[in-house]
Amino acid sequence: MRSSGSFLALALLLAGAVPAAAQDKSEASNMRLLGYSDLQGRSAYQPLIHRQGDRWIAYIGHHGGIPAAEKPVNPLTRQPEFNGTSIIDVTDPAHLQYLAHIPGEPGNYEAGGAQMVRVCDGKSLPKGDPNAVYLLRPFGNQAHEIWNVADPANPKRVTRVVEGLKGTHKSWWECETGIAYLVSGDPAWRVHRMTQVYDLSDPVHPVKIRDFGLVGQQPGAQGATPTMLHGMISLPQANRVYFGYGTNEGGILQIVDRDKLLNGPKEPTEENLRQPEVGRYLMSPLNGAHTTFPVLDMPIAEFAKDKIGKVRNFVVITDEQIKNECDEPRQFVWFIDVTVENRPVSVATWMVPEASGDFCTRGGRFGTHSSNENMTSIYYKRVMFFSHFNAGVRAVDIRDPYHPKEIGYYIPAVTEHGDQRCAKKEGGPNGAGEHCARVIQTNNVEVDDRGLIYIVDRANNGMHILELTGPAREAANFPK
């Protein structure tokens, strides 16, 4: 008698779909697993780790569900809930405590959930409640909202900042000033994602400052529409905001004078949109700019004896692979020298060699997605971490940004929650068909101020907490 699995395999073969075996064990070099959460089997996007008193709390933004699990059950409430935001005590990585899940917008994949999360202490915000801890997140694609998570097990919604949107994504919040750069889709604009700048120094009373985007995206513009916004990183101390546009095509790094952005004329005319820009780096039509991570005032050992230029400024651009099984141009990492801001230049690139793991045949996406964004002194200007979908997470020594060097990696094993990914293939006994696999899809990575590394998975494989080991640890700046 054949098993049900045998019948399934035969059916898939006749249909032209050939399933691949799931990766049944982890792979690692100079990285070690400390802790794991299945995240209730939810697809994950953005992790952020925040110290609250003597506790470390992880806030995880989720994509929408999948057709087979649109509303996973939350064991804390025993209720099925649309994917939203998970809150986990990670003080002891070996003994994690799932504290709460805040449901997000109904819908699957990119159409629902609450992908992004930023957190600010009320005592750090100029007009915040000193007893509050504020969480900023999108509600799917239609709104941005703020929650009080001072008691992370009992989050309470404070306000909706803005509603009626057609898209959201990777926003940024300056805790020291309260200024927030919200990735939004204003229905009047010509793109699904542009920037709405808000003063959230008093989270209870949001104040809009302005709308911003590339010339050609604004209401009433004519001609071709520039590629939409993906996200940004602001450095108030440097008076700069670094915007990244384009996902896997037509990428643009835009360097903006923060003071001019906040205090200049607000009407989105061509002149007013151009006024704050101080530099721009245009990428190939084949590549985009997902994460734009500034690495400023970087001393270059090779230039130590030079009279000029021994300290440089860089922006590390990481792009997002979109299609499965290498069915599009490869996306990777660029090191852009922005010392002369109106003349940025690429000085190095980095990627994982495909042959090192036969990644194009493993299933799912192979290529980069994002980098860490925390600028802890343990890693800043020394080590960066890049999520690489089915190639896991990669640790890269950037102390010589002209020659970045991989020093460690971790690829998790597929879990019982692992979702399947398929890619169309030509040829074979039945002509065109699909190659399907349950896969690892390491989607985002972040670090905390202890130096721990957090990776979350797009294909429902949960969150892994890691640390550097061996020679890779020596590249960092851990307290002695």
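The lining of the second largest pocket comprises 3 nonpolar, 8 polar and 6 charged residues, where Ala, Val, Leu, Ile, Met, Phe, Trp, Tyr, Cys and Pro count as nonpolar, Asp, Glu, Lys and Arg as charged, and the others, Gly among them, as polar. The model is predicted, so local features need pLDDT of at least 70 and side-chain atom pairs pLDDT 80 or more, whereas totals for chains, interfaces and linings use all residues. Residues are numbered from 1 along each chain as its sequence is written, and side-chain values use heavy atoms, without hydrogens and water.

The second largest pocket holds about 190 Å³ of space. Its lining has 17 residues, and Glu 110, Gln 115, His 169, Arg 193 and Met 228 are the closest to its centre. A pocket here is an open set of points on a 1 Å grid over the protein atoms alone where a 1.4 Å probe fits, with protein on both sides within 12 Å along at least five of seven lines; lining residues have an atom within 4 Å of a point.

The largest pocket has a volume of about 740 Å³, volume being the space filled by probe spheres set on the points. Among its 27 lining residues, Leu 48, Val 119, Trp 172, Cys 175 and Asn 374 lie nearest the centre. At least two lining residues come from each of β4 (44-52), β11 (118-121), β15 (172-173), β19 (229-235) and β32 (442-447); strands are DSSP runs of E, at least two residues long, numbered from the N terminus.

Strand β11 also belongs to an open, antiparallel sheet of 4 strands ordered β11-β12-β13-β14, pairing requiring at least two DSSP bridges between two strands.
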